[in-house]
Amino acid sequence: MGYQRDTGLVHAPHYSPEYRSSMLRAPSQPLVVLPHRLTEITGPLFGESDVRPEESDLTTQHDGEPLGERIVVHGSVRDGSGRPVPNTLLELWQANSAGRYQHQNDQHDAPLDPNFTGNGRCVTDAEGNYRFTTIRPGAYPWGNHHNAWRPAHLHFSVFGRALPQRLVTQMYFPGDPLLDYDPIYQAVREPKVRQRMISSFDLESTVPGWALAFNFDIVLAGPEASLLEEPHVD
Amino acid sequence: MSTELGLTPAQTVGPYYSIGMTRPGTEFVVPADHPGAITISGRVLDVNGDPVPDATLEIWQADADGRFDHPDDPRGAVPGFSGFGRCGTDEDGRYEFRTVKPGALPDQAPHIDVLVFARGLMHWLATRIYFAEETSANAGDPVLASVDPDRRHTLIATEDLRFDIRLRGDGETVFFAL
């Protein structure tokens with residue numbers, strides 16, 4: 001038993017000098033392949049009792065309503081073989097609608113929103129589905145290069161059921177012109193691979209008169225190919 | 001029938017991960033009065049040896065008997081020990097976990113798996129903490145054996161359970177592809 005490995009086509013190279021911070025922090029030595037033994041075929045598990053239902057709504061954490069466009073963000077968490085990943089913890093964090101994080105180190109000259117902290121959590125249901133209600137975040141400048149602006153994004157952290165499934169990624173919005181200039185997004189070399197991080201507008205899931213909606217499906221490493229090839233009886 | 005789906009790429013946690021990932025007490029895998037509680041601490045350093053003040057570490061390990069509370073362990077799940085901790089680094093790049101020393105696993109020396117997340121890292125980095133006093137178990141460990149002997153020491157905590165992580169440069173910690 002083991003999990004799929006990235007052959008170099010999925011994740012960005014750690015050393016991606018267009019993203020300046022990586023020059024100081026990315027390892028210079030090749031990674032050593034670690035066969036998946038007991039510590040790697042297991043991992044921290046969470047369940048419904050670990051989160052409160054209201055944690056999935058980032059718009060109701062304060063006395064007033066946050067500013068900005070209300071959005072529903074929903075999707076599925078599956079593995080590479082298409083199998084749903086139920087009861088897995090998702091953590092979400094993001095800037096507010098003006099592009100400012102509720103964080104002491106964020107010095108961007110954009111307003112904080114007293115009604116928006118920008119963090120949420122939920123656990124996928126039995127079919128691997130999740131749903132958040134939040135505010136569409138703003139873009140913000142970040143100093144990586146001349147006039148660098150991050151495209152609007154949501155940070156997602158997902159555990160899966162074993163360490164090789166652990167994933168932290170960012171969800172982007174369709175049609176964002178900043179994606180073409182963003183070294184973090186562009187560090188994923190294959191265009192069709194990085195496009196998996198762009199959500200799709202989902203008219204059917206909009207809430208009339210109240211919120212727009214975006215779909216973002218997440219795919220974690222699945223069982224090793226050798227396992228996929230094994231015949232099985234349904 | 002299985003469907004082949006393309007995996008979602010990782011992206012950095014960025015400088016503000018603490019908004020979503022930091023909660024009080026997650027660095028305590030066990031309470032202070034837990035029998036056999038130990039403290040493992042260290043610093044995360046960059047290519048210049050400067051502290052990395054905005055990293056977060058996650059640990060995953062077996063209990064003191066070498067068992068996991070997890071259904072995919074073919075030996076069966078043993079409940080009672082979460083095995084998971086998370087700790088952000090401070091301005092000096094320091095972290096500190098309170099846990100128990102894991103027991104040996106079949107054919108493996110006692111170890112703790114560590115994932116490192118930080119601004120500047122596109123994806124987490126995985127490493128392992130081994131224990132200096134386990135001389136003979138370490139000598140027979142297949143993972144340590146797979147590592148360049150000159151770099152093996154970067155995976156072994158000191159006698160007083162200090163484990164520094166050098167992300168890049170001189171004394172660079174061994175990181176694994178999972």
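Both faces of β9(A) are covered in this predicted model: A:Leu167, A:Thr169 and A:Met171 lie on one side, A:Val168, A:Gln170 and A:Tyr172 on the other, and all are buried. In a regular strand, side chains alternate between the two faces of the sheet. The strand, which spans residues 167–172 of chain A, is accordingly described as mostly covered, with 6 of its 6 residues buried. Its partner is β8 of chain A, residues 153–158, which runs antiparallel to β9(A) and is joined to it by 6 bridges. Within this pair, A:Leu154 stands opposite A:Met171, and A:Met171 is itself one of the buried residues of β9(A).

Chain B may be considered next as a whole. Its secondary structure comprises 3 helices and 9 strands, which follow one another along the sequence in the pattern α-β-β-β-β-β-β-α-α-β-β-β. The C-alpha atoms of chain B fill a box of roughly 50 × 40 × 35 Å along the principal axes. For 178 residues, a compact globule would have a radius of gyration near 16 Å, and the 17 Å of chain B agrees with this. Of the 178 residues of chain B, 48% count as buried. Among the contacts in chain B with a separation of 6 or more, 70% are between residues 24 or more positions apart.

Because 8 of its 8 residues are buried, β5(B) is largely enclosed by the rest of the structure. B:His111, B:Asp113, B:Leu115 and B:Phe117 point one way from the strand, while B:Ile112, B:Val114, B:Val116 and B:Ala118 point the other way, and all are buried. Strands of a sheet pair through backbone hydrogen bonds, either parallel or antiparallel. β5(B) has an antiparallel pairing with β2 of chain B, residues 55–61, over 7 bridges; here B:Ala118 is the bridge partner of B:Ala55. β5(B) is also joined to β6(B), again antiparallel, by 6 bridges, and in that pairing B:Asp113 has B:Arg128 as its bridge partner. β5(B) and β6(B) form a hairpin with 6 residues between the strands, in which B:Gly120 takes a positive phi near 95°.

Another part of chain B is an open sheet of 3 strands, in the order β4-β1-β8, with mixed pairing. β4 (94–100) and β8 (165–166) stand at its edges, each with a single partner strand, so one side of each is left without a neighbour in the sheet. Strand β1 of chain B, residues 37–45, runs parallel to β8(B) and is joined to it by 2 bridges. The bridge partner of B:Leu45 in β8(B) is B:Arg166.

The two chains also meet. Their contact takes 60 residues from chain B and 64 residues from chain A. On the side of chain B that touches chain A, the elements that give two or more residues are α1 (18–21), β5 (111–118), β6 (125–131) and β9 (176–177). β5(B) gives the most, with 5 residues. By class, this side of chain B has 33 nonpolar, 19 polar and 8 charged residues. Strand pairing also crosses between the chains: β1 of chain A, residues 32–33, pairs with β9(B) in the parallel sense over 2 bridges. There, A:Val33 has B:Ala177 as its bridge partner.

Methods. Residues numbered from 1 in each chain as written. Chains lettered and ligands numbered in written order. Predicted model: local features only at pLDDT ≥ 70, side-chain atom pairs only at ≥ 80, totals over all residues. Buried ≥ 20, exposed ≤ 12 C-beta atoms within 10 Å, placed from the backbone. Helix = DSSP H or I, 4+ residues; strand = E, 2+ residues; numbered from the N terminus. Pairing = 2+ DSSP bridges. Contact = placed C-beta atoms within 7 Å. Nonpolar A, V, L, I, M, F, W, Y, C, P; charged D, E, K, R; others polar. Rg over C-alpha atoms; globule rule 2.2 N^0.38 Å.
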